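Thanks for asking me to look this over. Here are my notes, in numbered points, to read with the model open beside you.

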Amino acid sequence: MRLLGAELRKMTYQRAMWGMVIAGALFSVLGTASTPFILASSGDGLGFGTLAEQNVVDTVYANAVSGYIFAMLLGVLVVAGEFRHGTAVATFVAAPKRGRVLLAKMVAAGIAGLALQSVATATGLLSGYIALLFYPDAARASPEIFINTALSGVVSGVVLGILGAAIGALLRSQVLALMGVLLWLFALEPIMLLLFPAIGKYFLTALVTAIVALDVESEVVNFTTDSFLSPLTAALFLLGYAVVFAILALVSSMRRDID
Amino acid sequence: MAAIVFRNLTKTYGKAIAVDNLSAEVQPGRITGFLGPNGAGKSTALRCLVALATPTKGRTRILGHGYRYLRNPQTRVGVVLDSRGFHPGLTAYQNLRVLTSMGGIDKSRIDDVLAEVELTDARNKRVKGFSLGMKQRLSLASALLGSPEVLVLDEPANGLDPAGIAWLRGFIKSQAEKGTTVFVSSHQLAELETIVDDVIILHKGKMVASGPIAEVTGGESLENAFLSLTGGGLS
């Protein structure tokens with residue numbers, strides 16, 4: 001508990017962590033609030049349907065979970081940041097049982113990810129509601145979309161925070177880890193999802209979306225949520241990623257010297 | 001019982017041998033200089049001692065245990081390995097507060113140790129604005145937080161000006177007077193000559209001499225003794 005408390009304290013002291021929370025919220029707001037305008041201005045040119053349809057309005061709100069990217073980046077900073085600033089030496093000298101330190105860091109990253117996603121998802125949902133006020137003909141959202149989006153926000157925040165910390169521990173280089181996460185989430189995953197949906201549905205973005213239980217498709221951009229996993233299976237898969245990477249990080253940290 | 005023990009310590013990186021079969025002891029309550037030129041293997045040996053690096057062969061003990069198995073090590077051993085160990089965006093107080101949280105140390109110690117290293121005025125300044133000397137003193141403050149029995153200091157004089165080095169000598173002496181065991185490394189042999197009781201001298205990873213300074217130097221300066229022990233070369 002002492003180590004966990006120290007990790008949480010360390011995070012609250014760092015401006016970069018607060019910056020991640022703000023960035024996550026802004027990203028979520030941007031994604032959610034801009035969607036009605038994009039859909040309305042395209043006039044169904046994207047093939048998703050119009051705001052008069054409930055599942056399309058649900059899609060608007062589902063974008064509120066998109067801050068999960070920053071939960072993962074925050075997790076990376078929790079561990080890789082220590083190696084970047086050279087504070088890893090002081091940390092592991094003060095607490096030489098590396099497994100415990102890393103565990104505390106991952107739990108702290110999970111808690112921070114949860115906090116980040118709580119803020120980001122809530123502000124995203126609110127911004128979606130405000131944006132939809134500009135479209136009086138828009139359908140009402142299904143009641144479960146709010147619960148599912150909140151649930152996805154919570155799960156993705158915790159799990160991707162832990163996953164980010166594990167990746168930070170494995171790579172140690174902050175730049176490499178941050179670039180790797182961004183390339184993975186913004187380039188590789190969307191490409192895989194579009195070109196190989198049967199494989200892409202097991203990737204992080206699809207798993208987070210699957211928890212929202214969204215029903216949306218577009219032949220124009222070759223996207224459908226039909227083949228996505230069930231919310232529970234998707235959540236378990238996400239958790240599986242975190243567990244596997246956490247174990248790899250723990251084993252690796254025992255074997256490598258601290259520089 | 002010796003405060004610190006190196007027993008047949010060897011550390012290699014690929015084919016390069018950083019520390020070669022080092023066996024030495026540091027006696028409690030004394031100031032022991034761990035001396036040798038840059039690249040002699042001092043820092044590597046110290047990193048093995050505090051469990052940051054795993055020995056290839058041999059073992060180290062500190063206060064009778066492997067460092068990793070010390071109960072709350074901050075309260076037993078104060079360690080200064082480099083002056084980079086602080087988050088530049090945090091203040092001196094915040095950096096030390098994180099360490100007290102980790103060790104369950106009362107936060108009132110922070111102001112005590114900042115006063116001890118004469119950094120009280122910089123308490124709420126971000127570390128990124130610190131000079132190298134201030135960072136070194138903050139490192140020393142962090143090592144003192146848990147009122148340890150042993151201080152392990154790796155090149156604490158690095159980057160200090162002559163006044164800073166004089167201050168450091170006084171600091172080390174004052175710690176020893178309180179009964180603290182001080183194990184301090186340096187590549188500048190003359191720097192600590194006047195304050196150490198014992199020396200362990202490394203050259204190219206191997207120990208070339210150890211014992212009370214008077215015995216090792218035989219009345220000569222430490223630098224001359226070192227040159228004759230190593231055949232004259234510093235690198």
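This is a predicted model: local features need pLDDT of at least 70, side-chain atom pairs count only at pLDDT 80 or more; totals for chains, interfaces and linings use all residues.

1. Let's begin with a question about chain B: how many bridges join strand E1 to E4, and do the two run parallel or antiparallel? Strand E1 (residues 4-13) of chain B is joined to E4(B) by five bridges, and the two strands run antiparallel.

2. For the complex, the predictor reports an ipTM of 0.91 and a pTM of 0.91. In chain B the average pLDDT is 92, and 97% of the residues score at least 70.

3. Next, a helix pair in chain B. Helix H2 (residues 92-103) and helix H3 (residues 108-116) of chain B pack at an angle of about 125°, with their axes 10 Å apart. H2(B) and H3(B) are therefore oblique to each other, and H2(B) passes H3(B) in a right-handed crossing. On the H2(B) side the contact is made by B:Ala92, B:Tyr93, B:Leu96, B:Arg97 and B:Thr100, and on the H3(B) side by B:Arg109, B:Ile110 and B:Leu114. Sorted by class, that contact holds five nonpolar, one polar and two charged residues.

4. Chain A has a helix pair to look at too. Helix H6 (residues 98-132) and helix H7 (residues 143-171) of chain A cross at roughly 145°, and their axes come within 7 Å. The crossing of H6(A) past H7(A) is right-handed. Here the contact residues divide into 16 nonpolar, eleven polar and one charged.

5. Finally, where do the chains meet? In chain A, 22 residues are in contact with 28 residues of chain B. On the chain A side, helix H1 (2-13) and helix H5 (87-94) are the elements that give two or more residues. H1(A) gives the most, with seven residues. By class, this side of chain A has eleven nonpolar, five polar and six charged residues.

How values were computed
Residues are numbered from 1 along each chain as its sequence is written. Chains are lettered from A and ligands numbered from 1 in the order in which they are written. Two residues are in contact if their C-beta atoms, placed from the backbone, lie within 7 Å. Helices (H or I, at least four residues) and strands (E, at least two) are DSSP runs, numbered from the N terminus. Ala, Val, Leu, Ile, Met, Phe, Trp, Tyr, Cys and Pro count as nonpolar, Asp, Glu, Lys and Arg as charged, and the others, Gly among them, as polar. Axes are lines fitted to C-alpha atoms, for helices over the stretch in contact, and angles run from 0 to 180 degrees between N-to-C directions. Angles under 35 degrees count as roughly parallel, over 145 as roughly antiparallel, 65 to 115 as roughly perpendicular and the rest as oblique. A crossing is left-handed if the near helix is turned anticlockwise from the far one by less than a right angle, and right-handed if clockwise. pLDDT is the predictor's confidence in each residue, from 0 to 100. Two strands pair if DSSP finds at least two bridges between them.
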